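I opened this structure to see how its chains sit together. My notes follow in the order I looked things up.

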Protein chains: 4
Amino acid sequence: MREIVENIFHELQDFKDDAKVADYIPALSKVNPDLYAISVSTLGKENISVGDCSVRFSIQSISKVFALTLVIKNIGDEIWNYVGREPSGTAFNSLIQIELEEGIPRNPFINAGALVVIDRLIDIYNDPYKQILSMVRELSGNSQIDFDGEVAYSEIENSHRNLSLVHLMKDFGNIHNSPDEIIDLYSHCCSLSMSTEELAHSFLFLANGGINPFSETVVCSQRNAKRINALMLTCGLYNESGDFAYRVGLPGKSGVGGGIVAVMPGKLSIAVWSPKLNINGNSSLGIETLERFTTYLGTSVF
Amino acid sequence: MREIVENIFHELQDFKDDAKVADYIPALSKVNPDLYAISVSTLGKENISVGDCSVRFSIQSISKVFALTLVIKNIGDEIWNYVGREPSGTAFNSLIQIELEEGIPRNPFINAGALVVIDRLIDIYNDPYKQILSMVRELSGNSQIDFDGEVAYSEIENSHRNLSLVHLMKDFGNIHNSPDEIIDLYSHCCSLSMSTEELAHSFLFLANGGINPFSETVVCSQRNAKRINALMLTCGLYNESGDFAYRVGLPGKSGVGGGIVAVMPGKLSIAVWSPKLNINGNSSLGIETLERFTTYLGTSVF
Amino acid sequence: MREIVENIFHELQDFKDDAKVADYIPALSKVNPDLYAISVSTLGKENISVGDCSVRFSIQSISKVFALTLVIKNIGDEIWNYVGREPSGTAFNSLIQIELEEGIPRNPFINAGALVVIDRLIDIYNDPYKQILSMVRELSGNSQIDFDGEVAYSEIENSHRNLSLVHLMKDFGNIHNSPDEIIDLYSHCCSLSMSTEELAHSFLFLANGGINPFSETVVCSQRNAKRINALMLTCGLYNESGDFAYRVGLPGKSGVGGGIVAVMPGKLSIAVWSPKLNINGNSSLGIETLERFTTYLGTSVF
Amino acid sequence: MREIVENIFHELQDFKDDAKVADYIPALSKVNPDLYAISVSTLGKENISVGDCSVRFSIQSISKVFALTLVIKNIGDEIWNYVGREPSGTAFNSLIQIELEEGIPRNPFINAGALVVIDRLIDIYNDPYKQILSMVRELSGNSQIDFDGEVAYSEIENSHRNLSLVHLMKDFGNIHNSPDEIIDLYSHCCSLSMSTEELAHSFLFLANGGINPFSETVVCSQRNAKRINALMLTCGLYNESGDFAYRVGLPGKSGVGGGIVAVMPGKLSIAVWSPKLNINGNSSLGIETLERFTTYLGTSVF
């Protein structure tokens, strides 16, 4: 496996296409576009990493998986009263579907759905910021992980689209807390700064039936781990989820920081990072890396 | 496994909800709503069947998998110039997406996409009817399988929605042959009459890396088998695909005849049948059966 | 003419359908549903009024005409860089069109368009509240006209839909000022409290080529008066504008307070009021009244 | 008036923009792009014409007014069970609105609506082709007017979009006759070949309360004449109707052959022709001509 990972890393050193670093918030646009990292964590406790695997970056929408896991742990299937579990067929930040379907977002991985999940977290916890942090720290085994204030505030200042979504859903009665409070927590979650090593580590519970393989603690039930994997497979890469399933064949979740995490149930988790995004907002080199990984390994969920 | 299948069958004998037999064409509406069958075929050559497992029914949209497999075998990735591979987020027969995306259907399992696949088949073969039949007969190991003329003609007479889709795509230049020819072949494919035993048998190549386990012939490459599974998982149950992935966790394909086929890669295929459909056009008892199957077995692709 | 007005008033005393008083903000829902008034002002200085013609009510969207007039007077055709002049074909508060057309609302009489107009007013004036008030006071010849604070604040508290529109347009760069500031001025304009007598009076400049017939001052150029009439005719009654043109045949503007004002160029203006709204948010009895008015009079713009 | 017309004609001799002759059917694309004509007919029996005013061209969608008038004359308000009277807000050939609103087109001047009107005509008459012809011949006072077979067949061969509309509406139950029959009559109506002189003549009944001023026969009731004018004003220029009302201020109807007819109720009708179309499918020079006409004349319906 190490050889496969290293081969891919070398093959793709000079990968070039017209992908570009996210520029919708200033704090993200400053990232070095040439950074590239791959980290694999296996249930057999093997850790393989190449490239800039200990450089932390903004995990952005990958945080939606942590938020959903925390909510499901608390209120279980009740969350599905507020958000669906179907692919949206529209862009990650579209208002059209929300208006046509009266305030219920299609799934928890488009922005509107994640904002609903964040709204639920604020209802559940007095200290949701602390809960998210302590969850991510425990999963990654690293107590230094933190929000990136600069990214969070940059995000908050550029949140008109998300505010539009929140106000629309609030108009339909599907949001309980104040829009500003929701945007603040949402933006902080997006700003979580992690390396591919830490991300691979943190997602291993989803390959392990919901159990953190290091601490042996139950993060969520086996059933819910499978379901979160199913949601990642059908909805994890925005409007490119079908293509990702077709090319890579693993449940995965991407973020506009350029990270992608994927899970091979019963075996491993893998995190890749390259900041340059394709037109769907997903790391172009990241998807290419993962496609080669499952092709060379000859294994996917299919 | 036999015990699991029999238990589910008995548990669900009295399953009741507000699902109803398809009534959009007369030929389908006459089916006895209480028929119920489950058939499992494993790579270990085990065959388990309960209920009305040898009664043939109209496989309808399940035929879209056969048509796609036949096209991919012939022109490979070229098919993706004509049709996408993303979940549509809209109803199976919607024109909206086709208009907004200029004649390119989202995936080969919504009607528009399947009509494009059929159009390609007419281009490839002089005798596409014979090719489809011989493929299905070989896969199922039963040379008696045939089109149901009554269903096909009932379908053709009620094909205004599909004709609307074909003409719209032809206007965008994404259809080569005559609309009537396409509707005729499409309707005949939908009218294929098969039992759950035959269907489970026929889909086993997708659990076996593209190789028909009985004849050892290559139906498609391993890569394409995985990709067809990926497409079924993200797009196989119309606008309920995400929910099916969440509840059942297997690639699957449904038809408005009430059949659903699912694949557990490396292990087995399973076909279920109950004619009563939920609001999404999928067999309600069929989905319930499959959800219990993967739950009791403790296995899914996730 | 007096006879016609009085006849209509009596004919429709017992008018009944399933129209209902607006209930989306508490302040509006308390209005007596049986109030009914008609006021006509002619260029020949005749004033005809029947019913509750001096009772003030919330003019709501009728204020959009005042705001547009004030903006056009200041920046002329420049306003059309920010907002279109086509009927929208969608509900007055829809976000769909705004998303598809990248932040440019279809016309100044749907909410999104009016919010853009208000945004321009804030740019133009240090004291836009005062400017609006002084314009309306001058047009109506009544210096007592004022905002209704209770209605305005009720509106502000229930403005999630409008905030969603403003944030979406701000995301597209089509809004300059703060969303809260815009909502505040917008809600105050909507809360303007006027009687049918005052409204008929205030709209007479649009029947008079832009000149206030009482003060002889130029409110806007003749060209712009005609254009504002054209906009009212194609877009003035939300998603019922075509029907209103068909039945009544005059440029008009309605509000969810139950008022409707219409203009017969070169002749007169007419204001009607009945708080019960049809499903399009227009006064049902008001439309019926105006249809009879142009029918009995045998005159419309057509 | 003659002076005004001649001045405009000379001012605009060298009018240039990026408008282009329709190329969607071969028969239309061959027209000389530099042809230009203006014809005015007044109720005072004055006829003013300049330029290529006796050259016949394909009236295309202008024929929708004749078809609607013929239907209304026969079944009156019953037509509104099949088609609405609101601006559509979408392109003239869009399927989206038809799908969302379940087969009922927004108005009789978008393609879908006109196809419904044609379907009704086939129900009403044994010989609808003859009826249309005899109506147009009587209105224009010219018994030579005829369908242009070449244009009609070119149209029929390129009618996939319209067939898509017809089949979609038939699926919703809003079409009675065979799609091919409807497309044939529709295409023949579009192919009617008329000069601006003949068109101005033919529309004069709409300026005259429904009465043909030459023959004194009643074409439709006064009420219906006004209503047809209202429909032209709100829906007559496809997706540019609001703009046309704003700039020109008259009820009008355009066709992709480059003709536009407008009506000044109580006074006159005017037909203009220049084959080059703007992006909305309307004659660019034609609109400019009409805008100057109402501006120089200082009269519009507003």
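I looked for a contact (C-beta atoms, placed from the backbone, within 7 Å) between chain B and chain C and found none; their closest C-alpha atoms lie 11 Å apart. Chain A and chain D do not touch either, with their nearest C-alpha atoms 11 Å apart.

I noted that this is a predicted model, in which local features need pLDDT of at least 70 and side-chain atom pairs count only at pLDDT 80 or more, while totals for chains, interfaces and linings use all residues. Residues are numbered from 1 along each chain as its sequence is written, and chains are lettered from A and ligands numbered from 1 in the order in which they are written.

I checked the confidence next. The average pLDDT (the predictor's confidence in each residue, from 0 to 100) of chain A is 95, and 99% of its residues score at least 70. For the complex the predictor gives an ipTM of 0.92 and a pTM of 0.93.

I then turned to chains D and C. Their contact takes 28 residues from each of the two chains. On the side of chain D that touches chain C, helix 12 (222-235) and helix 13 (241-247) of chain D are the elements that give two or more residues. Helix 12 of chain D gives the largest share, 8 residues. Helices here are DSSP runs of H or I with at least four residues, strands are runs of E with at least two, and both are numbered from the N terminus.

Last, I looked at chain A by itself. I counted 14 helices and 9 strands in chain A. Its C-alpha atoms fill a box of roughly 55 × 40 × 35 Å along the principal axes. Of the contacts in chain A with a separation of 6 or more, 68% join residues 24 or more positions apart. Leaving out residues up to four places away in sequence, A:Ala67 touches A:Ala114, A:Val117, A:Ile118, A:Leu121, A:Ile132 and A:Cys189.
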